[in-house]
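Subject: Structure handover

Hi,

Here is the structure I promised to pass on to you. My notes on what turned up in it follow below.

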Amino acid sequence: MTPKTDLENINPKLYKRTEEREVTTKELDPTIYDPFDAREIFDLIRGINDPEHPLSLEELNVVEERLVVVDDARNTIDVTYTPTIPHCSMATLIGLCIRVQLLRTLPSRFKVSVKISPGAHVSEEAVNKQLADKERVAAALENSHLIRVINECLAGAFTDPKL
């Protein structure tokens, strides 16, 4: 990623990464129905890189497993995230990265909702409205510069933190 010189949050607080989840034999058995759960969704988004820092959204505590709600029966996934500062100009981009990661990796039967934690951002309502608007999201993904930035952020989503 291209280093930025005009960082909004020059010294973000860092958090410890969650331990890797052990995959069970049951989860690997294709004959057994294994519903999606919050941890599985969290594992898909925790390694996304922050647009400003060479850190993951988990390390910055932007995403947390407890803020992921999965209703496998209704095919809905709700992810709430918390920008590191209340005036973060990257809040929409971070939400878009989370949304794109889930749209790319989950079956199309899921309705995905991505929103900012209540009271965590000065433009919370506007950002949530943008992220919920399918046409605005689709238009954003047609912007070659924006999709390049999103892809850079998503490049870290599946890297092994132990390497």
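A word on naming before anything else: helices (H or I, at least four residues) and strands (E, at least two) are DSSP runs, numbered from the N terminus. This is a predicted model, in which local features need pLDDT of at least 70 and side-chain atom pairs count only at pLDDT 80 or more, while totals for chains, interfaces and linings use all residues. Residues are numbered from 1 along each chain as its sequence is written, and side-chain values use heavy atoms, with hydrogens and water left out.

**Overall layout**

The chain has 6 helices and 3 strands, and from the N terminus on its elements follow the order α-α-β-β-α-β-α-α-α. Of its 163 residues, 40% are buried; buried means under 20% relative accessible area, exposed over 50%, and partly exposed in between (1.4 Å probe, protein chains only). With contact meaning heavy atoms within 4.5 Å, 70% of the contacts between residues at least 6 apart in sequence join residues at least 24 apart.

The 3 strands make an open sheet with mixed pairing, in the order 1-2-3. Two strands pair if DSSP finds at least two bridges between them. Strand 1 (68-71) and strand 3 (111-116) are at the edges with a single partner strand each, so one side of each has no neighbour in the sheet. From one strand to the next, the twist averages 10 degrees.

Strand 1 pairs with strand 2 in the antiparallel sense over 4 bridges, and Val70 stands opposite Ile77 in strand 2. These two strands form a hairpin with 4 residues between them. Asn75 sits in the loop between strand 1 and strand 2, and its phi is near 60 degrees, a positive value in a residue other than glycine. Most residues other than glycine have a negative phi. With a relative accessible area of 22%, Asn75 is partly exposed.

Asn61, in the loop between helix 2 and strand 1, also has a positive phi, near 65 degrees. Its relative accessible area is 24%, so Asn61 counts as partly exposed.

Ile77 has Val112 in strand 3 as its bridge partner, and Tyr81 has Ile116. Helix 4 (residues 124-132) packs on the sheet and touches strand 2 and strand 3, its direction making about 160 degrees with that of strand 3. For that angle, axes are lines fitted to C-alpha atoms, for helices over the stretch in contact, and angles run from 0 to 180 degrees between N-to-C directions.

Strand 2, helix 3 and strand 3 make up a right-handed β-α-β unit. A crossover is right-handed if, with the strands pointing away from the viewer, the path from the first strand over the helix to the second runs clockwise.

**The core**

Which residues have the most contacts inside the largest nonpolar core? They are Ile41, Ile45, Ile48, Tyr81, Ile98, Leu102 and Leu106, in a core of 42 residues. Such a core is a set of buried Ala, Val, Leu, Ile, Met, Phe, Trp, Tyr and Cys residues joined through side-chain atoms within 4.5 Å. Helix 3 gives the largest share, 8 residues. Not counting residues up to four places away in sequence, Ile98 touches Ile45, Ile48, Leu57, Val63, Val79, Tyr81 and Val114.

**One aromatic pair**

Searching the whole structure gives 1 aromatic pair. Rings of Phe, Tyr and Trp (its six-membered ring) pair if their centres lie within 6.5 Å; planes under 30 degrees apart count as stacked, over 60 as edge-to-face and the rest as tilted. Phe36 and Phe110 have ring centres 5.0 Å apart and planes at 85 degrees, so the pair is edge-to-face. Phe36 is in the loop between helix 1 (25-28) and helix 2 (38-45), and Phe110 in the loop between helix 3 (91-105) and strand 3, so the pair ties together parts 74 residues apart in sequence. Both Phe36 and Phe110 are buried.

**A histidine to look at**

His87 is in the loop between strand 2 and helix 3, and at 52% relative accessibility it counts as exposed.

Best wishes
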